[in-house]
Amino acid sequence: MTGMFPATSMPDRDWWEALWPDPSGLLLSLGVEPGMTALDLCCGDGYFTAPLAKIVGGRVYALDLDPAMIEAAKAEVKRLGVSVLKWIVADAGEVAELIPEKIDFVLIANTFHGVPDQPALVKAVARTLKPRGLFAFVNWHRLPRESTTVLGQPRGPRTEMRMSPEAVSAVMEAAGFRLLRMVDLPPYHYGAVFEHKAATPG
């Protein structure tokens, strides 16, 4: 898995602020708790990285393929007066080799639909998680793109790329995860939180 994932370029920041004015509340609804060690996978401009770091007291890693996005995320983290454990510029598929400890929580937001080899990425994430660690997704509902307008314009990936909760669950369950909960994230998204069933070797 190399290069940018299809249809996963970072939108203008005002999209996210219009969709989710309370990113911390969204993260808490996905099961993030103080004291956890977390990873923001494909972190983009840091819209979730900064509040995630605030919740977990800085015990967060942030990975993105694009150095410019990492720089933007660093600025957002600084703006909120928080810190992260490590900034990583790399392909998401290499994550298991790049995180130096087993962690509690992984977030991937608005990106999974564009991953070319989803099973491989899920297996790599599994190797980073502690037993019963959580892997949380924020995904666009499988709605026609023309119906998902933000600030007056259709937004999000092409209709055919969007994944239903059932499609995500199928990929995750095949890799040894079980669904803990689905969370509605109005107006156009859902959250899906999965727990790994057992310790992962390595």
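Visitor: Does Cys43 count as buried or exposed, and at what relative accessibility?
Guide: This is a predicted model, and the value is computed from it. Buried means under 20% relative accessible area. Cys43 falls under that cut-off, so Cys43 counts as buried, at 6%.

Visitor: How many disulfides does the structure hold?
Guide: A disulfide needs two cysteine sulfur atoms within 2.5 Å. The sulfur of Cys43 is 8.1 Å from the closest cysteine sulfur, in Cys42, which is too far for a bond. Cys42 is likewise in no disulfide. The number of disulfides in the structure is 0.

Visitor: Which side chain has a polar atom 2.9 Å from the backbone nitrogen of Gly44?
Guide: Start with Cys43. Its backbone nitrogen lies 3.3 Å from a polar atom of the Asp64 side chain. The backbone nitrogen of Gly44 also has a polar side-chain atom 2.9 Å away, and that atom belongs to Asp64.

Visitor: In which strand is the place of Asp64?
Guide: Asp64 counts as buried, at 8% relative accessibility. Leaving aside neighbours within four places in sequence, its contacts include Met69, Ile88 and Ala90. The strand that holds Asp64 covers residues 60-64 and is β2.

Visitor: What is the bridge partner of Leu39 in β4?
Guide: Strand β1 (residues 38-41) and strand β4 (residues 103-109) run parallel. There are 4 bridges joining β1 to β4. In β4, the partner of Leu39 is Val106.

Visitor: Within what arc do the buried residues of α7 fall?
Guide: In helix α7 (residues 165-174), the buried residues are Val168, Ser169, Val171 and Met172. Seen down the axis, they line one face of the helix, because they fall within an arc of 165°.

Visitor: Which residues are exposed on the other side of α7?
Guide: The buried residues of α7 pack against α6, β5, β8 and β9. Just after the helix, Gly176 takes a positive phi of about 90°. On the other side of α7, the exposed residues are Glu166 and Ala174.

Visitor: How far apart are the C-alpha atoms of Val77 and Leu52?
Guide: Val77 has its place in helix α4. Val77 is buried, with a relative accessible area of 3%. Not counting residues up to four places away in sequence, Val77 touches Thr49, Ala50 and Trp87, among others. Val77 and Leu52 are 25 residues apart along the chain, and their C-alpha atoms are separated by 9.6 Å.

Methods. Residues are numbered from 1 along each chain as its sequence is written. This is a predicted model: local features need pLDDT of at least 70, side-chain atom pairs count only at pLDDT 80 or more; totals for chains, interfaces and linings use all residues. Side-chain values use heavy atoms; hydrogens and water are left out. Buried means under 20% relative accessible area, exposed over 50%, partly exposed in between (1.4 Å probe, protein chains only). Helices (H or I, at least four residues) and strands (E, at least two) are DSSP runs, numbered from the N terminus. A polar contact is a pair of N or O atoms within 3.5 Å; within protein, one must be able to donate a hydrogen and the other to accept it, and residues adjacent in sequence count only if both atoms are side-chain atoms. Contact means heavy atoms within 4.5 Å. Two strands pair if DSSP finds at least two bridges between them. The arc is that of the directions from the helix axis to the C-beta atoms.
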